[in-house]
Structure formats: structure tokens, C-alpha cells
Amino acid sequence: MSTISREEVAHLARLARLEVTDDELDAFAGQLDVILESMKTLGEVDTEGVEPTSHAVPLVNVFREDRPQPSLPRDAVLAGGPDTAEGRFRVPRILDEEA
Amino acid sequence: MTKLNTYEAAVAAYEPVLGLETHIELDTNTKMFCGCATAFGAEPNTQVCPVCLALPGALPVANKAAVEATIKIGLALNCRIAEWTRFARKNYFYPDMPKNFQTSQYEEPLCEDGFVEVVVDGESHRIEIERVHLEEDTGKTLHVGGAAGRIHGATESLVDYNRAGIPLVEIVTRPIPGTGALAPEVARAYATELRDIVRSLGVSDVRMEQGSMRCDVNVSLNKPGEEWGTRTETKNVNSLRSVERSVRYEVRRQSALLDAGEKILQETRHFHEATGETSPGRSKEEATDYRYFPEPDLAVMEPSREWVEELRASLPEPPRKRRERLQAEWGLGDKEMQSVVNADAVGLIESTIAAGASASGAVKWWLGELSRRANESGVELGSLAIAPAQVAELQGMVEDGRLNDKLARQVIDGVLAGEGGPAEVAAARGLEVVSDTGALETAVDEAIAANPDVAEKIRGGKHAAAGALIGAVMKATKGQADAGTVRQIILDKLS
Amino acid sequence: MRIIDKTAAELAADIREGRLTSVEVTTAFLDRIDAVDGTVRAFLHVDREGALATAREVDAAVAAGEETSPLAGVPIAVKDVVVTKGLPTTASSKILEGWIPPYDATIAERLKAAKMPILGKTNLDEFAMGSSTEYSAYGPTVNPWDTGRIPGGSGGGSAAAVAAKMAPLAIGTDTGGSIRQPGAVTGTFGAKPTYGSNSRYGLIAFSSSLDTPGPVSRNALDAALLHEVISGHDPRDSTSIDAPVPPVAEAARLGATGDLAGVRLGVVKEFAEGADGAEPGVLEAYRAGVEQLVKLGAQIVEVSCPSFAYALPTYYLIAPSEASSNLARYDGVRYGLRAGDDGERGLEEVMSLTREAGFGPEVKRRIILGTYALSAGYVDAFYGKAQKVRTLIKRDFEAAFERCDALISPTTPFTAFAFGERTGDPYQMYLADLYTIPANLYGGPGVSVPVGLSEGMPVGLQVMGPVMGDDITYRVAAALETTQEPLLADTAPEISASPRFTAFGEDGK
């Protein structure tokens, strides 16, 4: 496991849709470095043949019957929306100009 | 202007390798992870709830009927059904995907390692199915301000989440080499067979034009003996014809590039129905790291072997067996049946026969005149504006002698134009065969009088010459005479 | 004795038997909020009208001689990470400022069905990420024991509300210790039930495989009663356990007899060894508590759980990974904040600006860390490895429970620290969860019960049980309480209505 660079943090921030400032980049890179260093100890642990745990209390075959339930009334759906039009959620253009 | 080779030149120099990824929208009553209704055509955002809207705090619960449908599809495709399988999160940002991750399957899909056999030009091709898995559909985005509602140039978009969360089954083939020049037909045959299989299971409408079946077509080219080339993925393929056309276009386009020494870009392309061409789509997707991890909000699935066998026993007659049965019932040869299949006319013919036509009559019309018209207009046979029952009626009228083939074709004109059923159109346009022998005799007399030399030859025993007189009578009756009857009258009069 | 000095069990009985009305009780707590919350700042939103309306309903039912639920009429505060229909729910984040949910969490529905007046929503570290409530976007909550110190986190608001007697009960959530650690540093009782025994439907998700709602109270019996109200299978949560709720109230009452004969309590060797990191005062109070448990008849067994040494890094890979995915939905499209939409910018930029403006530093750190741990090329070494070590931790618990009935430890290595002391170094903040994290990774229950003071600040003792063994944790905790006279909860310093404390970070009001 290697330390994390400023560029890597910037790349991750883009992936996660976070517009971080330069100051934040510096601070985060340093802080994450310390955290990741501490995780190096995990590399020491022998996990050969060990199955990963995704569920603390494993449940199996949890299903729902194919029966309709009431949906939310539309005004409740749209009420929280920052920008709605014609019963839909309005978003700014999806593609960048240069795409 | 994109440079294209001819198809013949392309396949002479290169071998195509295909891959098809198909998404099937299931017709369950409710969505994959919530109880919202799935009916098509509802007002925007009236079939959403905290779960499919991805409100803070919402959690998914898996729809058992969707899992069952997926297993049935897997079984019908000869897959192995996993004993242990789970959902995974596929993380990326897009406004039609409310959670900004799609709940899908990754390393442990429900079904794996199946196959489908298709026959093209007498050759059987076995198409390996890598996996069949279950996931959820996205919402629908309307793009505003761009050309023809497309995303390029749009200034804003409007999102409707009614479709978000509807169960989607993804079927992925292994790469398909060895199809050679028949690649487009094989691709289409596979998509058709897949559609027929899923339709027979009753788990989806599988209508490509409506989006309940979507095909992404992958094509790469390589010189014989060399490694497989870079593949492109073409989306927006909305009909079986388009599956074929998109393969054909990509083969022509890629071969021209390769001939010029250029590289093929690994990209997603968009198919254009009107022109049959592909153009580059959104280029961002390839670089995306989806950061898959097992979905912690859903339980692992362990389909019991008893359940799987129950479902296997409930499968209907596979389309292949059905076709074999119908071929025997209809008394068709292999080539002829294959033509029926290629024309996507099996169901149409079956319905036409059910409406009373003979097998040969039904086949004649659907494979003949109607296929010709469908090809000319560039539409699928099934979208012609004539119903199987009407074709049966038409054939009945021909067999009764009320119409001959030529008149029948004119009746078809009228039916396709929306003027009504065959009988109505024949009546309205005055197209029935003249059965009034008196009128026919009069017409024959006139023709004899106008062509004394021909009449003389016939009297002399040259009955073949009657053809000219028949022609004259047909012209005079605007084709509404039965040629056989006219011939008989001529011979009676002149012998 | 004032109304606000009574326990929830006492108030429930008073209301049921007509000695007090729910309106009187609820009003007393609402008045208390008015008097001291200006200083404590535990509440983000108080719903006076709603709470009194429920109180009136209860009083009418009691007067009509109707059957009422065990805690009917007893008011409660709810951590603002639980979605409540019609009441603002923010997860203490700017990104949900002003959001009014159109639905109720299952837990909220159960509280309403039990007719418990909901006093309001309490403060927390933003999106439940933190150990001090300093990361709330609306300003921190103070520890009623010392207003210059943190009340713990992420659920500092719920714990402080109970410690300052603004509510007899509260709902918290615990992902790595967010109920237990605030309980320990505020001298209150907090329980993290078995994962899956409480519905997460409507709980704003932080780390899906770890988040567990639970009771916050002044003593074990009160928490157990609340535990029985909110717990149980929920078909809307696929991780919800479909099994009867363990008899926790009965276990608390059994514990209150002060008899632990035959109970084997395991002490984790690796915690004791790593105790260099714990403050001496904490260890002293803890050990005194252990002695008391022995006097009650418990037998101490030393167990070795070697994987526990790796619990912290394991947690700090799994939780941020799940969080980075869970928080992707906050994008300014369907609800919450949208920033930077000036008509020129494209959607990707607007989303990024929205999330930049709406999320605080700790949340951003964890999102980036989680994105890293899941990314191609790193996922096997980080997230994948952590999930395997998690299995080892689980095995250690299972092996330990072959030899003991419950495990005990200090709840947290240090008492309440001062504001600003650990925000400069995130890793130092993470150390607060050292002893609480293993139980979350395992999924078993853990409670924190007050066990004394260290330099005037409360110390908590943690009891952990096997999965679905919540009852043993309540029994041991209730037994320990019999040795703590008076209960810390009864001796918290009286909060004076002093000027509002402006702490490290933004004063959101």
C-alpha cells in the first residue's frame, strides 16, 4: 500500500463529484496519508482461505411478493425538488460543451 | 464523409467477431426493489416511492417474481443456475439513476454458461451465453434544446423516474467468431431466437420498438489467423433489422479504417435508424471505474434445486421445437421454413391459419407479396397494417374465385391504406372478379372481333395463341376476369 | 423530585395509572428544553405542537380506560438521521437543509404507534460520521457535565438531551460506537442492539452493514423498554432479522436483583494490553466496576481476540467504502441543496459544486477514502482485505462466547475531550471508537453503562453479547447499576441558563 498523492486525491474527488479546493486537496492528502499508513497493518494479517463477510448477520432469500403498493403522491415527490418542470425534475445540460 | 468498404470486400479481407448484450424489461406487476406499479404510459413521476426515488433512508427488497423470471430465462438458454448468488452495486453518476449506483450483479450472476443455436443459410451456429443476470432499469430523460431531442446540444434535461427500478434482465454472449460473411444474419437470428424464447416464457413483451428488449451490438474485425481486433459497441438498435444493419455497417466502416492503417477506437456508438449508419456516442463511459462491491442492503440468494427444477418443469415448448412441429404441420421443406423464420413470419402464419387459411395460402402471402412490401417500406413484416385474419380472408376470396392474384394485390393496397378489410376494399374499389358470364362472353366476342388473325390461329388449333385474346379481355375488364374462365370461353367459341 | 428527574419507566407508570398526564410530562420536558438547550444545543428542531398533540391523544385514551402501549405518553427525542414525515430531517448536513420528508422511518412509525410524543430531532456529527458532534453543520452540542467538552459522537445530541434531562429517552444510531461512546462520556446509558434487530428503513444510511438504531436513556431498564418498542422484523428492510426480540426488559429486571452468579464475563486480553492508549482514570473507574461485578457473583475469564487489534483499520475501510456509495444520491437533483446552477454550468459541475458546498470536511474525507478503497487496483487490498479481516473478528467473538456469556471493556479510551482537541488529526478522533468498533463489525449487541468518574467526567463500561444475545448485555448492565448509588444520571451538574457556547467550527444558528 502506498501513500496517497495530491493528484490521486484530485482524481478521486472527481470520481465522487466533489469540487474540492486546493487547500482541501493539500489537507486531505496529508490526512488520508496518515489514515492509510495505519491501515498498512492489515497487510500483515493472514487471510488465506478466509471468506469475506458482507453481512454481519447473514440472511438468505429475502424476497417480496409481486403485489403493488401505493406510490407517493406526485406533489410529495416533486415537493423536495430544487428545480421541477412539467412534472419532472429539471437538470442542467448533461454533456460538457466539448464532448 | 465516413469511408466505407463494400461489404463483400470487407468480409473477403477480415473476419468479424460479434458480441451481443441484450436487456429485457420484465413485465412484473411491480418494480425490482419496491412495490411501485410498472404500467407503461403513466403521468411522469406518479409511479415512484422513497425507494425508487432514492430518498434518504430508503431500502430495497427484491421482487421474487423477477428472480423467478430470470431463472426461467436462464433455464431456457441452457444455463447453469447459481446455487449462491447476490446483487452488487455498480457505482457511477447519472441523473436517471437516482441512487447514483445501479443495483445489479457482478461476480456471482444468477445464471451462467448457456447456449443458443441458430440456423442461418442451412448452417448451424452455437452461440455461447456467458451470463444472465438481474438488475434495475433507469428513469427516462427528455433532452431539451438539442437536435431531435438528442443529448448532444441539449441545454437542459427533464427526468421522469417512473421507469427507474423496473426489473431488467441482462443477457451477455461470449464473443462469437466464425460467422464470416453471415455475421449480420447470425446476429439477427440470435436476437430473434432470444426474443422468441423470452416471449414464449411470458415474462416480457420483448418489443424492441417499445424498448422492452434492447440490443447492444459489439463488432470487431481481424485478419484471418490474427488476434481479435478492438471492438465497438453500438447502442440504440431498435429492431431486428437494425441488429443486422448495424453489424453490416460496422464491418464496412471498420474494414475501411483498418485498410487505411488506422486504429479502431474502443467506443460506444449510436445507430441511426434512418441511414443505417453508426456515429460516436458518449465517449466518457469506457474510462469509468464502477467500483463494484456486494450490495449490503440485500440478502444473498440461494435458489434451491427444488425450486429450479419446478421452474424447469414449468417451461413451455421451446420455440425451436414449436417451429419443428409447425413445419411438419404445415408441410414445409427446411429451406422454406427457414425463410419463414428469417422473415419473422412464424407467428403471423400461425395466426393466419388459425383464422381459416390453408398453410400454403398463408405462407404464399406472407413470404411473397407482403414480405416484398415490408422490405420496400423498410419495416418489419409484423408492422404492416394488415392482420393475419385479413390475410386469411383475402386468401379465402381468391380460393372462391372472387379475386385473382392481381386483384388481390390491389385489395392489399387498400387494406394497407386503411380503407378497411379485404371484402370492404374489394367492394368499395369494385375489384371483384367478374363472374357474370354474359359480360365475359361479350368481352370475348369483342376481343375476337378486334383480333381476327389471332382468332383464326386458334380455330386452326393453336390454343397457345389464346393468350393474346385473354390479355385483351383482361384489359377490357380491368383485370377483373378470371383468366382460366376467359380462356375456356375463348376456346369454346373458337373450336 | 421534579418530573424531569423521573425515569421513563416511572413516568410510564405514572401516566398509565393516572398520577400524571402525558401533557404535564411532555410540557415539563419541553419547558426544560426552553430553559437549557440554548446552552446545550442538543436539538436541531423542537416540535412542541406535534409532541403535545400526541400527549393529548394518550391522555384521552387513558381517561377512556383504553389499553395503551408500555411507554405511551413518555416523550422521546430522535437523532436527526431518522426520517420523520413532516418534520425537518437534515442528518446535520447542509445538503439536506430544509428537507421535509414525505415518509416516516419504520422506527418513527413504531414510536408513533406506541404514542410516544416526539419532542424533536437531535444533533449529530454530519451523516453520523464522527465521535464528538463537532462535525455537525449546524454547530456542536456541548457536554452537560462540562460545556467546554464534547458530548461524544456521532449521537452527541441524543446523549446530551438525556443527560441534561431534556428527554427521558432518545433514539440514537450506532455504526462504530455512536450510541455507546456518547453514553460513556455523558454518564448516560446507550445500547447498540444486534444488527438487524431494528429496522434501518428510513435511517439515513452511513454504512449499511454496520448502522444500528438503538435506545439512549438514563438506565438499562428504560432502554430495554424502548428496545422492545422499536425492535422487531420489518419486511421493508432486507437485513431485518425475522425472529422474536430477546426478552430484554425481563433481563434488565433480572439484572436489577444484583445477582450475577454463574455469569462468565470475558475480558479481552488485547484490549487490556492496548490499554496504554486508555487514560488512567478511565482504566481505574473501569476496574473498579469489574470488581463490583465480581462481588455480584460474576466470574472473570480472560479471552484472547487477536483480530481486535485490526478492528480500527478494518472499520475505517469498510464504513467509508459503503458511505461513499450511500452518499452518492445527494446530488441536488431530487431533494436538498443545489448549488452553482447559474444557467451556464453543466450538470456534472453543478453536482460537484453542490456536494462541495453541502458536505463538511469529515464527510468529504470519508467519501474520498471510500472511493479509494473501492477503486480498481486497490479494492482487493483495501475493501476486500477488510471484509476478510472482518470474518476473523467475527470468529474471535464466536470463540470468546464459547468461554463466556458476555465480554466487558471500557467503552472508550478517554473521557470527554475539549472542543477542538482532536479535529486537527482525524486519526486521533478515530481512536475514540477503539473498543466499540469490534461489536459493529461482528453484528452483536453492545451497551455502555456509567461506571464512575475520572477527574469529574463520566466513564462508561461496555458489555458485549453474542448475536441475538441482547438480553445478557442488559442484565449485566442493570446489575452493575445496583452498585452505582447514586446513578450518574441523577448527579449530572445542573445546567445554568448561561450564554450560548460558540464552539470550534461554524455557529449554524
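**Exercise 1.** Which residues of strand β4 (residues 88-91) of chain B point one way, which the other way, and are they buried or exposed?

The model is predicted: local features need pLDDT of at least 70, side-chain atom pairs count only at pLDDT 80 or more, and totals for chains, interfaces and linings use all residues. Residues are numbered from 1 along each chain as its sequence is written, with chains lettered from A and ligands numbered from 1 in the order in which they are written.

*Solution.*
1. Strands are DSSP runs of E, at least two residues, and helices are runs of H or I, at least four, numbered from the N terminus.
2. Ala88(B) and Lys90(B) point one way, Arg89(B) and Asn91(B) the other.
3. All are buried (20 or more other C-beta atoms, placed from the backbone, within 10 Å of a residue's own).

**Exercise 2.** Which strands pair with β4(B) in the antiparallel sense?

*Solution.*
1. Pairing requires at least two DSSP bridges between the strands.
2. β5 (residues 101-104) of chain B pairs with β4(B) over four bridges; there Phe101(B) is the bridge partner of Asn91(B).
3. β15 (residues 293-294) of chain B pairs with β4(B) over two bridges, and Phe293(B) of β15(B) stands opposite Arg89(B).

**Exercise 3.** How are α11 (residues 311-326) and α13 (residues 361-374) of chain C oriented to each other?

*Solution.*
1. Axes are lines fitted to C-alpha atoms over the stretch in contact, with angles from 0 to 180 degrees between N-to-C directions.
2. The two axes come within 7 Å and cross at roughly 100 degrees.
3. α11(C) and α13(C) are therefore roughly perpendicular (65 to 115 degrees).

Terms used:
Angles under 35 degrees count as roughly parallel, over 145 as roughly antiparallel, 65 to 115 as roughly perpendicular and the rest as oblique. A residue is buried if 20 or more other C-beta atoms lie within 10 Å of its own, exposed if 12 or fewer, and partly exposed in between; C-beta atoms are placed from the backbone.
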